Amino acid sequence: MDFLFSFTPLIPLFPLLAFAVIVLFTYRYNRLSSDIAIGSIALSTVLAWAVLLATLLGGEHIQVEGWQLRVPWLPAGTTVLDLGFAVDGFTAAMLFMVPFVCLMIFIYSQGYMKLGQPDQDPRYARFFAYISLFAAGMLGLVVARDLVLLFVSWEIMGLCSYLLIGFWSFRKADDEHHIDEAQVIRARKAALKAFITTRIGDVLLFSGIALLYSYTGTVTLREIFRPETLETLQTISLLGMPAVTVIALLVFGGAVGKSAQFPLHVWLPDAMEGPTPVSALIHAATMVAAGVYLVARMLPLFIAGFEVADAPALHWVAIVGAITALLGATIGLAQDDIKRVLAYSTISQLGYMMMGLGLGSLVAGIFHLLTHAFFKALLFLGAGSVIHGVEHGHHVAAHADHVHTEHFNPNDMKAMGGLRHRMPYTFVAYLAGTLALVGIVPFAGFWSKDEILAEAFHLWRADGALNLPFWVWLAGTLGAFFTALYMGRQLGLVFWGEPRHTAARHAHESPSSMTIPLIVLALFALLFGFVNAPFLGSPLHHFMGGVHEASEVVHAEAVPFNFTVAAISTVLAVAGLLLGWLLYRNYRPGQVEPFQVVLGPVFTLLRNKYYIDELYQQVIIRPVVWLSNFCFNIDDRWIIDPFVDLVGAAGRVASDIVRVLDSVVVDRWFVEGTAQLFNAAGRGLRYSETGRVQNYLLVVAVTILLLLGLYLYF
Amino acid sequence: MAIPLSWWLTVAAALFAIGLYGVLSRRNAIGVLLGIELMLNAANINLVAFWRFITPQALTGQVFAIFVIGIAAAEAAAGLAIIISAYRRRRTVVVDELDTMRW
């Protein structure tokens, strides 16, 4: 079955080709374009699953050692930069999830972007081109053998996130949509914000890669992780730390940007300005997963740094993850936008993944990444379905009343309510996603979240003191409660109670191209957790746990199922879910929010996202703007422009002098003088022209005789 | 006995001088044309004489002479046509009166 591995390079290639074909040839034909995109990702899914099958059948050898293909790409001096492909257990596990979730999202997009409807999105084909490129980026990242391909794919995703978050910044206002200018501007700002914020991380990552290359002379991941290489990196000192720690922290910086970890998480909630399938794509299968994947892939570096005293790069991963998990979950309590709640939920869940990795457990983090991808894609697509339904309801209601003036935000949960009867499939799917996210047995999220918490708990008990794992566990458990709370609130607001707006009253179920992916994903949200269920012997651990064995620093053993941990988190989850649901299911419009009653000023703090955006505005953006203005003034007002003006003035004076010289000396003397000379000569000589042929001939004859005489004489 | 080259050249020079005199002094345009013919034939005598005495093995001198005769015929035809045309316009063939090219 090993021949199946040779298909690996094709996995990212198909969506890439789809992108090229749509952009170059078929962009005029909407249905054809989306069919190409869906077909290509379906092919990738088939190939990826074939590779997964080969890995499964290949046994421990393949799962640990991996298959690889070296492609010498760029000769640089004495070395050649490689751009190869590799598959091991870890990659194969990712290959199960990424193309499949992408496929579901692509199919869903066909309905969401309203193919064939009168109000179909004007840039429909382009949308499918972009998401194909996005998928190609993520797949390329996953199958990368070398840091070069990894970084290229990483940047492709950065570009695509920019293009897609700002996708509606070109949407034209018309009678049907009456899109306001404000939305267009918000989309542009969100796209820029995402791009620039992740760029900070990208620069750090690139520095890390450059350092790695300069110290080890290779960009191939498996070679970097060889024990002797890691040992060398441990002994080199850089900035008072071992080089390996510095590099790990730089790489982590990249992951912080891409995976929206505190303090670079601010771009992600704003990214909700993009179309909902994009949110699902970014938050589930691709972009944010890339950061976690990177840290997991580079885990030997982190752990090697950890082994050297006073250099706990790994601790920072855990700390940042814990902070992010709590931060995201608490902010999620106070948001009104259905997608923003999910965005903060994503931030928080990514924090969990980082926590798992920060505790040194590859499998715990990645297991949560995989389950989260399924249920978060499900939740986002569900939210998109809700928005779609409510928008349609608004449309219907507006047509019935013949008024279209009112400003209406279809994302506002407070304008929804009672949708469980109107959108039954969406409701059931959404409920499955919620239960998975909150972590109720036997949904997927339970198993994965529990594994992270059990890992922390285990490490705490092994030590006994109030050490870092304890705080991580505490943050995770509290975060689980808050997660349940905001999801209970969301369920209550969206699906229970009475419709609080005419739009919600007229909402209807979405087309089958949207509901079928929802149902499929719901099944995965229900069942996927069993791939690593402890009572089945933690199969995922055996499958991918060994990929870092060769580095001799990562030791993956499945933590035994801990009943205490599971019980505590389940009780808290159920309590939170019920509490949120009870408080909000009969929420009336205009009523003070129950959470606000309980929390008071804290609620305002949460609603304003801890004022982090405002803080950045004051601390970073304003100084930058001031600096720009300062530079502008130096340039435009004070130094450079005046100097430029001076040079210009000097040039004018010089040119005046030259002009006088020119008009007097050149023009009058030379040019006109020459003409006058010839004119006068002509006047004098004209009398020699008698017009008589014989005179002329006489002159000729005499001249010849004279010349002849001269010739003979001399 | 052969006539030496210098004699031929002298005859040719005399013929040329007569032709030139005719060209410069005749008032009738046809006379001027006749003078030109004399000068051309003087040149022909030179060509043939040089050929005969210097490069008798090559035919160039003769060929040149034939060319000159051909050109002289064409020139005479063109010249006479011009004179007829001028006569038709000006009712005269006196070259002194054909002075439209004057300043």
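Tutor: Two residues count as in contact if their C-beta atoms, placed from the backbone, lie within 7 Å. Keep that cut-off in mind, and note that this is a predicted model.

Student: What covers the buried residues of H1(A)?

Tutor: By that cut-off, the cover includes helix H2 (30–65), helix H3 (89–112) and helix H4 (124–143) of chain A. Helix H1 itself spans residues 10–26 of chain A, and its buried residues are Ile11(A), Pro12(A), Phe14(A), Pro15(A), Ala18(A), Phe19(A), Ile22(A) and Thr26(A). Seen down the axis of H1(A), these buried residues fall within an arc of 160°, so they line one face of the helix.

Student: Which residues are exposed on the other side of H1(A)?

Tutor: Leu24(A) and Phe25(A) are exposed there.

Student: How should I read a nonpolar core, and which residues touch the most other members of the largest one?

Tutor: A core is a set of buried nonpolar residues joined through C-beta atoms within 7 Å. The largest here has 231 residues, and those touching the most other members are Val101(A), Ala285(A), Ala377(A), Leu378(A) and Ala525(A). Helix H16 (residues 362–401) of chain A gives the most to this core, with 19 residues.

Student: What does Ala525(A) touch?

Tutor: Leaving out residues up to four places away in sequence, Ala525(A) touches Phe374(A), Phe375(A), Leu378(A), Ala432(A), Gly433(A), Ala436(A), Phe443(A) and Ala444(A). There is also a second, separate core of six residues, among them Leu20(B), Val32(B), Val95(B) and Leu98(B).

Student: At what angle do H5(A) and H6(A) pack?

Tutor: An angle over 145 degrees between N-to-C directions counts as roughly antiparallel. Helix H5 (residues 147–165) and helix H6 (residues 181–216) of chain A pack at about 170°, with their axes 8 Å apart. H5(A) and H6(A) are therefore roughly antiparallel to each other. On the H5(A) side the contact includes Phe151(A), Glu155(A) and Tyr162(A), and on the H6(A) side it includes Phe195(A), Asp202(A) and Phe206(A). The residues of this contact divide into 10 nonpolar, three polar and two charged.

Student: How many residues does each chain bring to the contact between chain A and chain B?

Tutor: Chain B brings 10 residues and chain A brings 11. The side of chain B that touches chain A has six nonpolar, one polar and three charged residues.

Student: Where is Phe50(B) found, and why does Phe50(B) count as partly exposed?

Tutor: Phe50(B) is in helix H2 (residues 29–53) of chain B. Phe50(B) counts as partly exposed because it has 17 C-beta neighbours inside 10 Å.

Student: Which residues does a cis peptide bond join?

Tutor: One cis bond joins Phe262(A) and Pro263(A), with omega about 5°. Pro263(A) sits in the loop between helix H9 (243–258) and helix H10 (267–270) of chain A. Another joins Val441(A) and Pro442(A), with omega about 0°. Pro442(A) is in the loop between helix H18 (424–438) and helix H19 (444–463) of chain A.

Student: Is Lys609(A) buried or exposed, and what is its phi?

Tutor: Lys609(A) is buried, with 22 other C-beta atoms within 10 Å. Its phi is near 55°, a positive value in a residue other than glycine. Tyr610(A) is not a glycine either, and has a positive phi of about 60°. Tyr610(A) lies in the loop between H26 and H27 of chain A and counts as partly exposed, with 14 C-beta neighbours inside 10 Å.

Definitions and conventions. Residues numbered from 1 in each chain as written. Chains lettered and ligands numbered in written order. Predicted model: local features only at pLDDT ≥ 70, side-chain atom pairs only at ≥ 80, totals over all residues. Buried ≥ 20, exposed ≤ 12 C-beta atoms within 10 Å, placed from the backbone. Helix = DSSP H or I, 4+ residues; strand = E, 2+ residues; numbered from the N terminus. Arc of directions from axis to C-beta. Axes fitted to C-alpha atoms, helices over the stretch in contact; angles between N-to-C directions. Parallel < 35°, antiparallel > 145°, perpendicular 65-115°, else oblique. Nonpolar A, V, L, I, M, F, W, Y, C, P; charged D, E, K, R; others polar.
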